[in-house]
Amino acid sequence: MFCWSLVLLVMGCIQSIRCKPKSFRDSIVVLEVNSSIDSNPTSIDESSRVVLRYRTPHFRASARVLVPPVAGKESWTVGWIQACNHMEFYNKYGSKGMSSWELPDLQDGKIQAISDSDGVNYPWYGNTTETYTIIGPTKKDTKFTVSMNDNFYPSVTWGVPVSDSNMPMLSSIWRDQSFTTWLVAINLVSGEILVLQTVRWRMRLHIEVDPNKPLGQRARLCEPIAQEQPQVLGKNEAIPPNAMVKPNANDAQVLMWRPWTGEPLVVIPPKH
């Protein structure tokens, strides 16, 4: 009798181990990840006598995610976090000099990356299609899609930005930026972070401008016309601390005027 009870007890232990629910970390499944940059070239708008505008193709990322039933009273947000790793953004004005949007701490190597959050919903890129929150306990599978997109649509003055004159002097625009975008799950109570997927992408732009030509005929898009497609990494990368907190890139960037001769000037200081 004793031996049978022992066997039943052991079997009961095995059964309980098998039936123990998996943790969120072990149960969440990324069903599909898609990432691309649109094939259309950058468009240029010369309709303004004050500024040249351009619009780059969109970077897009989406993921379909499955979360099995959550047994406990835990809450998780799943979504996209993005950081800028590198930025070169120069607008040249012939023999006068150039304006340059800069991220000083990133440029000086003090930080690896800087948040590219919307500036409100840190650390998330946004809080509409970009995130989804699961509040446990749940009784059935939860399937959802989180998606994001990004592109550049700036205005660049025809004239030297530190001059009162609107005389067209802009001669070229060069931009080269790199980003890392993570699909992440964050526990809303403990703060535990799970990196589910890592994507790297880059946007390069070169526009040559002849300021002596009539408005509407000045700018010409140069190579690369088509952008490199993003890389969905086979091995995830950790998120640098500065990618999770303020300031974001928009608030930290500064516009400098760098004349070919003379001292540089701050045109627009950082907001943070």
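Select Asp176 first. Its relative accessible area is 6%, so Asp176 is buried. This is a predicted model, so take each stop as a computed feature.

**Stop 1**

Arg202 and Asp176 form a salt bridge, with the closest N and O atoms 2.8 Å apart. The pair links distant parts of the chain. Arg202 is in strand S12 (residues 193-209), Asp176 in strand S11 (residues 172-187), and the two are 26 residues apart. Arg202 counts as partly exposed, at 30% relative accessibility.

Move on to Arg204 and Glu228. Their side chains meet in a salt bridge, 3.5 Å from N to O. Arg204 lies in strand S12, while Glu228 lies in the loop between strand S13 (219-221) and strand S14 (231-232), so this pair ties together parts 24 residues apart in sequence. Both ends are partly exposed by their numbers: Glu228 at 41% relative accessibility, Arg204 at 24%.

Show the four residues together. Asp176, Arg202, Arg204 and Glu228 are linked in a network of salt bridges.

**Stop 1: Glu102 and Arg258**

Select Glu102, then Arg258. They form a salt bridge, and the closest N and O atoms are 2.8 Å apart. Glu102 sits in strand S6 (residues 97-102) and Arg258 in strand S15 (residues 254-259), so the pair ties together parts that are 156 residues apart in sequence. Glu102 counts as buried, at 7% relative accessibility. Arg258 is partly exposed, with a relative accessible area of 28%. A search of the whole structure finds 8 salt bridges.

**Stop 2: a glutamate without a salt bridge**

Go to Glu130, in the loop between S7 and S8. Glu130 is buried yet has no salt bridge. Which side chain of opposite charge is nearest? It is Arg60, 10 Å away. A salt bridge needs the nitrogen and oxygen within 4 Å, so Arg60 does not qualify as a partner of Glu130.

What does the side chain of Glu130 have 2.9 Å from one of its polar atoms? The backbone nitrogen of Thr128 is there. Now display the surroundings. Leaving aside neighbours within four places in sequence, Glu130 is in contact with Val78, Gly79, Trp80, Tyr125, Val146, Ser147 and Met148.

**Stop 3**

Pro123 lies in the loop between strand S7 (114-115) and strand S8 (131-135).

Then jump to Glu223 and Pro224. A cis peptide bond joins this pair too, with omega about 5 degrees. Pro224 is found in the loop between S13 and S14. Glu228, from the first stop, lies in that loop as well. For context, most peptide bonds are trans.

**Stop 4: an open sheet**

Switch to a cartoon view and select S1, S4 and S9. These 3 strands form an open sheet in the order S1-S4-S9, with antiparallel pairing. Its edge strands are strand S1 (29-37) and strand S9 (142-150), each pairing on one side only. On average, neighbouring strands of this sheet are turned by 10 degrees against each other, direction ignored.

Zoom in on strand S4 (residues 59-67). S4 and S9 pair in the antiparallel sense over 9 bridges. For one of these, pick Leu66: its bridge partner in S9 is Lys143.

Key. Residues are numbered from 1 along each chain as its sequence is written. This is a predicted model: local features need pLDDT of at least 70, side-chain atom pairs count only at pLDDT 80 or more; totals for chains, interfaces and linings use all residues. Side-chain values use heavy atoms; hydrogens and water are left out. Helices (H or I, at least four residues) and strands (E, at least two) are DSSP runs, numbered from the N terminus. Buried means under 20% relative accessible area, exposed over 50%, partly exposed in between (1.4 Å probe, protein chains only). Two strands pair if DSSP finds at least two bridges between them. Axes are lines fitted to C-alpha atoms, for helices over the stretch in contact, and angles run from 0 to 180 degrees between N-to-C directions. Lys and Arg count as positive and Asp and Glu as negative; His and the chain ends are not counted. A polar contact is a pair of N or O atoms within 3.5 Å; within protein, one must be able to donate a hydrogen and the other to accept it, and residues adjacent in sequence count only if both atoms are side-chain atoms. Contact means heavy atoms within 4.5 Å.
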